[in-house]
Amino acid sequence: MTYLVMECHYGYAIVLDTQGRYLKVANRNYLVGQQVTDVIPFEAPKKQINTRRWANIGAFAACLCMVVSLWLVMLLPFGTVRLQINPDVLLTVNRLNFVIKAEGLNEDGKALLQGFDYHRMKLPQVSDALADRATAEGYLTEDGVILVTVSCRNEQWQAETEAALVAELRQHMNDTVTVAPNAESHQQWADDDWDDDWDGDDDDDWDDDWDDDDWDD
């Protein structure tokens with residue numbers, strides 16, 4: 001077998017054999033880079049490090065982190081949107097603007113949400129659908145009013161989402177009703193307690209088991 005001298009030290013040398021193994025051998029006046037065929041091993045050959053295995057482990061860990069991050073983004077509440085039409089409805093949205101919870105704040109609001117599946121729907125879709133349902137069920141008529149309150153710790157997201165949602169509803173309703181932000185109730189819904197109401201008791205879906213305070217700990 002042929003060996004390639006990789007390192008030379010006082011009394012010993014490190015060589016690489018043709019199977020990719022490193023061996024500690026007696027230094028018989030070797031030079032780095034020299035090829036030799038007759039060596040005297042000091043110890044059993046070291047196994048070649050499986051770099052592909054470690055690369056696969058690293059790739060798996062990266063994918064796992066990505067999945068966990070996506071799970072957190074999808075499930076964790078990021079802000080709330082309150083629609084006051086007479087039915088009073090509170091929508092909870094995640095960072096991707098998907099509605100992950102909807103609850104009626106009064107009896108009409110609960111009735112409006114009865115049988116309404118908001119899952120996998122973004123906020124503009126849900127708000128338009130609720131406005132249509134309110135119209136069809138007689139809650140919202142011409143010259144009616146929709147008050148919008150967006151709350152979030154991220155003030156930029158709050159302002160941008162509120163402006164976009166008001167514009168969306170006005171266009172969707174063809175300006176037949178008044179759609180406006182309800183600034184008076186911002187403080188009520190923007191304080192640190194709004195997320196403490198996360199009880200998950202409004203339906204039997206995956207969010208039923210959501211723990212009140214775990215998401216923001």
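Modeller: A search of the whole structure finds zero disulfides, a disulfide being a pair of cysteine sulfur atoms within 2.5 Å. The model is predicted, so local features need pLDDT of at least 70 and side-chain atom pairs count only at pLDDT 80 or more, while totals for chains, interfaces and linings use all residues. Residues are numbered from 1 along each chain as its sequence is written, and side-chain values use heavy atoms, with hydrogens and water left out.

Cysteine 152 is buried because its relative accessibility is 6%, whereas cysteine 8, at 29%, is partly exposed. Buried means under 20% relative accessible area, exposed over 50%, and partly exposed in between (1.4 Å probe, protein chains only).

The largest nonpolar core has 31 residues. Such a core is a set of buried Ala, Val, Leu, Ile, Met, Phe, Trp, Tyr and Cys residues joined through side-chain atoms within 4.5 Å. Leu91, Leu130, Ile146 and Val148 touch the most other members. At least two residues each come from strands E5 (79–84), E6 (88–93), E7 (99–104) and E8 (145–151), and from helices H2 (107–113), H3 (123–136) and H4 (155–172). H3 gives the largest share, six residues. Helices (H or I, at least four residues) and strands (E, at least two) are DSSP runs, numbered from the N terminus.

Beyond its neighbours within four places in sequence, isoleucine 146 is in contact (heavy atoms within 4.5 Å) with Gln84, Ile85, Ala131, Leu140, Leu169, Val177, Thr178, Val179 and Ala180.
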